[in-house]
Amino acid sequence: RPFLDMLSEAANDDEVVSIKMTLYRVAKQSKVVEALIDAAENGKDVLVLVELKARFDEENNIEWSRRLEEAGCTVIYGLDGYKVHSKLCLITKKTNGKIEYYTQIGTGNYNEKTARLYTDLSLMTYDQEIGEEAAAIFQALFMGETVQVSKKLLVAPNCLQNRLLDMIEEEIRHAKRGEEAYIGVKMNSLTDKKLMDKLIEASQAGVEIELIVRGICCLIPGVEGYTENIRVISIVGRFLEHSRIYIFGSEGREKIYIASADFMTRNTLRRVEVAAPVYDEEIKAHLLEMFRIMLKDNQQARQENGEGIYRILPTDEEPLNAQEYFYEQAYEIAENL
């Protein structure tokens with residue numbers, strides 16, 4: 001709802017000059033697309049990249065593309081050789097002759113139906129440097145190209161895997177100096193061999209690594225001499241765990257990102273993906289707390305052992321179901337607004 005409210009306000013704001021979005025999956029009765037159509041009819045420059053290769057949603061995406069074009073939106077149909085999987089929206093305003101960017105980056109699709117079933121994260125920011133990089137991404141997409149360089153955002157296929165490898169290497173250096181070093185990642189799947197090899201190297205150097213991997217995990221933890229410093233858990237429950245969180249650095253120096261990309265070669269090298277840094281200290285603390293709560297789940301979480309088998313570990317702790325915890329927390333927050 002907050003995102004839909006923002007999009008609707010933008011569509012009717014006289015100072016908004018353009019709205020640019022990537023659409024991978026949308027609902028059959030999409031309020032997101034309706035807001036974009038309203039914006040175009042209100043004279044805004046609306047650029048939408050619709051990924052026609054979104055599996056199972058091809059027909060739905062073609063129909064919405066037709067309606068967007070009829071409303072006057074500029075529609076791009078993906079890139080040659082790359083799926084556009086990023087969840088990115090850029091709103092541009094012109095106030096007193098000054099250009100301002102409002103950027104939204106998410107881990108999940110712009111789909112009202114799946115938003116009720118999936119656990120996802122969404123960041124809205126007024127950071128102008130992030131806005132400028134988002135504008136560069138859309139400019140490249142419009143030209144049928146991919147971004148070659150980025151500073152704040154991690155952008156696949158050219159500026160994500162290499163930056164992740166650099167941040168893992170930074171933690172290795174801390175560990176080799178005898179300092180605390182930490183990596184925590186939440187994702188759907190882990191199959192990227194380069195990233196796995198680097199995580200193994202980090203484990204051997206003494207970096208503490210905690211991975212929450214819902215589905216496929218090609219890395220075996222707890223192997224002496226290789227991955228004894230790596231812990232892997234999987235949470236499967238009422239809601240589909242879909243958010244991606246990257247954490248690099250021990251307490252007090254954490255770099256935190258939310259992302260559309262799993263640690264899979266198809267995401268890191270063969271798709272357009274975006275990971276966004278989180279700078280606000282309150283939001284960082286909230287994400288870290290979420291991550292820690294998920295690691296403490298002793299009802300739905302299964303831990304992978306050195307033989308690749310997942311088991312619920314016996315515990316004397318109070319029962320904790322992370323999804324139920326966040327569900328109840330969300331209602332408490334809503335009641336206090």
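So, Glu129 is partly exposed, with a relative accessible area of 38%; for the cut-offs, buried means under 20% relative accessible area, exposed means over 50%, and partly exposed sits in between, with a 1.4 Å probe and protein chains only. Those accessible areas come from the Shrake-Rupley method with a 1.4 Å probe, and for residues only the protein chains shown count as cover.

Quick housekeeping. This is a predicted model, where local features need pLDDT of at least 70 and side-chain atom pairs count only at pLDDT 80 or more, while totals for chains, interfaces and linings use all residues. Residues are numbered from 1 along each chain as its sequence is written, and side-chain values use heavy atoms, with hydrogens and water left out.

Okay, back to Glu129. Which side chain does Glu129 meet in a salt bridge? That's Lys152, at 3.9 Å, N to O. My cut-off here is a side-chain nitrogen of Lys or Arg within 4 Å of a carboxyl oxygen of Asp or Glu. Lys152 lies in the loop between H4 and E9 and Glu129 in helix H4, so this pair ties together parts that are 23 residues apart in sequence. By helices I mean DSSP runs of H or I with at least four residues, and by strands runs of E with at least two, numbered from the N terminus.

Lys152 also has a salt bridge to Asp127, at 3.0 Å, N to O. Asp127 lies in the loop between strand E8 (122–125) and helix H4 (128–142), with Lys152 in the loop between H4 and E9, so that pair ties together parts 25 residues apart in sequence. And is Lys152 buried or exposed? It counts as buried, at 14% relative accessibility.

Next pair: Glu169 and Lys198 form a salt bridge, with the closest N and O atoms 2.6 Å apart. Glu169 is in helix H5 and Lys198 in helix H6 (residues 193–205), so here parts 29 residues apart in sequence get tied together. Glu169 counts as partly exposed at 23%, and Lys198 is buried at 16%. There's also a network of salt bridges linking Asp13, Glu15 and Lys93. Over the whole structure, the search finds 15 salt bridges.

What about disulfides? The search finds zero of them, where the criterion is a pair of cysteine sulfur atoms within 2.5 Å. Take Cys89: its sulfur is 12 Å from the closest cysteine sulfur, in Cys73, which is too far for a bond. Cys89 is buried, at 1% relative accessibility. For Cys218, the closest cysteine sulfur is in Cys217, 7.0 Å away, again too far for a bond. Cys218 counts as partly exposed, at 47%.

Now a couple of backbone things. The peptide bond from Ala156 to Pro157 is cis, with omega near 15°. Pro157 is in the loop between strand E9 (154–156) and helix H5 (161–176). Then there's Asn96, which has a positive phi of about 50° although it isn't a glycine. You'll find Asn96 in the loop between strand E5 (88–95) and strand E6 (98–106), and it counts as exposed at 79% relative accessibility.

Last stop, helix H9 (residues 322–335), where Glu335 sits. Glu335 counts as exposed, at 64% relative accessibility.
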